[in-house]
Every structure is written in structure tokens, then in C-alpha cells.
Amino acid sequence: MPGDGVGREVVKGATAVLEAVGQRFGHEFEFEYANIGGAAIDESNNPLPNETLKLCKQSDAVFLGAVGGPKWDSLPSHMRPERGLLAIRKELGLFANLRPVIGFHSLLHSSPLKPEIAENVNLMIVRELTGGLYFGKPSERRGENQESVVDTLQYTRKEIERIVEKAFELALIRNKKLTSVDKANVLESSRMWREIVNEKASLYPQVEVEHMYVDAAAMKLISRPKDFDVVVTENLFGDILSDEASMITGSLGMLPSASLTEDGFGLYEPVHGSAPDIAGFNKANPMAMILSAALMLKYSFNLREEAESIEQAVQEVLNAGYRTSDLQSVGSTVVGTEQMINIIVQHVEEGSAISSIMGAYM
Ligand SMILES: NC(=O)C1=CN([C@@H]2O[C@H](COP(=O)(O)OP(=O)(O)OC[C@H]3O[C@@H](n4cnc5c(N)ncnc54)[C@H](O)[C@@H]3O)[C@@H](O)[C@H]2O)C=CC1
Ligand SMILES: CC(C)CC(=O)C(=O)O
Ligand SMILES: [Mg+2]
């Protein structure tokens, strides 16, 4: 689902890279396309048409570019493109959103953080994706003049338990540290969240657990990012913290994500949105989407070597100095989206020696 804005440009990159992976490793990927978000509203007045949902359910994995844009901003909130995105996450049961944040060595000088702070960062934000503030009911305007408003942050014990378990499982195969981010000094939902993390902690004695308030986490994420391994948090907190964390890598255009169900079905999308300010100008960084394709190969198809060939190609292209304009630094060669896609495809086709980040996005 290319969606809207730069989503349409970067999805082309991911499919081109997968074709190249297929050629090199002897696989054939079959692609089906469907509309979601603004494109679907334009076509059928529905941000998530039934045919789109049906096609996703029939697929082995799903790719999504991004949705939204100023063209649809004045629609009532239940009709907006973003509703299509929330609905597909809910309908498919994609409760676990994994957002790896990896600092590429050659991008150290593109990050606004000091190189010694951004260097060697490898953390994973595990964001709850189908509950919390984005899904709570009621969410409405009230009163005679509609001048009162309510949104609701709601979770069941089961919803918290499954995301916390997922985060512990990931911590177990990574660096065995789990930071649970909440606002338990104020929110009742966070108090229950913290309670459940403590209960589950006894089942994972190998994992070091810490609790952190979200405001402090926002600060520590960019002052001491190396202190984090796995970060588990509520939907809204995870949304905000992951955009912030993208600055460790230098650009929002560098962060991929995987959204998984309890059965391991996956939807793969970049962390960024439709970027209307640069859409249509061949300026978008396609790496977040392309790295999401690597996550898909790993999680949905268990094709690890193939996935690593993509991560490897991205690293090589960055090492060779190629940058989209969001990442410019002294001495780099600035290229457009299409050129960047072509260069990455070329590197995937050619293959090359083992590199240090291989497997880092597990
Ligand atoms: N998953 C999704 O589909 C998401 C959709 N949105 C929607 O996207 C629209 C725009 O929202 P914004 O707040 O502007 O967030 P955004 O993530 O689209 O853009 C924020 C900033 O990052 C830049 N940026 C984003 N992706 C980039 C890339 N690949 N390469 C280079 N620069 C990139 C943009 O140019 C912009 O300056 C809204 O309608 C919003 O609701 C926002 C976030 C996620
Ligand atoms: C519609 C929003 C929840 C999309 C977003 O910002 C995200 O998932 O990161
Ligand atoms: Mg977001």
C-alpha cells in the first residue's frame, strides 16, 4: 500500500530492492497493490476500503508507505487518511510495533547529537500499537457549543501483558535490558502498566528491568542513548519517542518498523509520515522503507541472509558518501530518491563482504 505523499515514492524503492534480492538469491516475490489513506478516500471515500483489507489478509506480508497530507486535513476526524492506518493496525491485530534505532557510523556527523553520544547506538522501541490513547472511546467534542473535548486512554490487562512479554522476549535475545516507559506518577493506566512489567520481570530473571517516566525518557534518549536496549511503551509515548530517537541516526528517513500480530503476521512501514513538504520532489530518503523490507524478509519469511544483504547495501551506499538531502554533510554526494534507490539496488545485486551491522536489526 503506497498510500500518500512520499509513501508512493519510497514503496517503489522497497519493491525494486526486493526484486534485486529475488534475482540474487533465487526468489520470486509477487506484489499486489491496494489503496489506503488519502488515495483511498479519493477513490472510494473510505480510508480503508474492504478490498484493501481483504487483500492484506490474503497476503504473506504487507508493506505500507505512509498516509495523510494537507489535501485531506479539513475532513472530519473519522474520515481522515490516518483513520485508515489506525483501522488496518486494529483489523489485522498488529499490536507490537518494533522500531529499531541504529546509528550508522558514516552518519555520525549527520546527527545533531555529538558523535561520541550517537556512536554505536543500537536500541529497539517496542510500541503498543492497537490500544491506548489513539483507540480509546469516547473520543469526541461535547457540550452545547462543542467546546469541551475528551480523548480516552484505555488498556486491558491482556493488551499490556502481550506487549510487555514481546519486549521481554526481544530483550532476552538482545542485550538483556528492558526500559519500561510510562507516566505512573500521574496516569492510572501507567500504574497498571508498571505493575504488569514487575510481574513479568520475575519470569525473565536474566533481563535487567528499569522503569522510567516518559518525560525523563525523552531527555535520556538523546543525552545517553547507549544506555538503552529495549524500550517498551504505550502507543502515544512510543510514537513520539521514536521520532525523537530518529535524530540519533540523523534523519526520520532512516527508521524502519515492523508491526506484528500474536501469530507473527507482519506489516512493514517506515516510521515517518507522508512528508507533504517534500512529496513529489524526488527528495525523500527511501532507506527507512528499504530497511523495513529487510525487516519483512527476516520476520515474515525468515530470510536472514537476504535481509542482511539489504542492510549491507544501505551501509555500503552510506559509506560511499551518497546521501539524500535530509542527511547532507560535508563531502557527501547528494542524490534524489530515485538515484538513491538505483544505487542501493546495484549494491544488492553485486553483493559484497560481511559488514559490522549485519544482523543488527534483529
Ligand atoms: N505512518 C504514517 O502514515 C504517518 C503519517 N503521518 C501523516 O503524514 C503527514 C505529514 O506529517 P508530518 O508531521 O509532517 O510528519 P512526517 O513524518 O511526514 O514529516 C516530518 C518531517 O520529516 C521529514 N521527512 C519525513 N520522512 C522523510 C524521508 N523519508 N526523507 C526525508 N525527510 C523526511 C519531512 O520532510 C518533514 O519535514 C500528516 O498527514 C500525518 O498525519 C505522520 C506520521 C506517520
Ligand atoms: C496516524 C499516526 C498514529 C501515525 C504515526 O505517527 C505513527 O504511527 O508513527
Ligand atoms: Mg509517528
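1. The UniProt record, an unreviewed entry, lists Arg89, Arg99, Arg127 and Asp215 under "binding site" (its positions follow the numbering used here, feature names are shortened, and annotations may be inferred rather than shown by experiment). They span 127 residues in sequence and the farthest two C-alpha atoms sit 26.5 Å apart, so they do not all gather at one spot.

2. A word on the source: this is a predicted model, where local features need pLDDT of at least 70, side-chain atom pairs count only at pLDDT 80 or more, and totals for chains, interfaces and linings use all residues. Residues are numbered from 1 along each chain as its sequence is written, while chains are lettered from A and ligands numbered from 1 in the order in which they are written.

3. Take Arg89, in helix H4 (residues 81–92); helices are DSSP runs (H or I, at least four residues) and strands are too (E, at least two), numbered from the N terminus. Why is Arg89 called buried? Because 22 other C-beta atoms lie within 10 Å, and buried takes 20 or more, with C-beta atoms placed from the backbone (12 or fewer is exposed, in between partly exposed). Leaving aside neighbours within four places in sequence, Arg89 is in contact (C-beta atoms, placed from the backbone, within 7 Å) with Leu94, Leu129, Thr130 and Ser259.

4. Arg99 belongs to strand E2 and is buried as well, with 25 C-beta neighbours inside 10 Å. Beyond four places in sequence, its contacts include Arg127, Ser242 and Val271.

5. Ser242 is one of the buried residues of helix H9. The buried residues of H9 pack against strand E2 (96–102) and helix H8 (214–223), among others. After H9 comes Gly250, with a positive phi near 110°.

Conventions: Contact = placed C-beta atoms within 7 Å.
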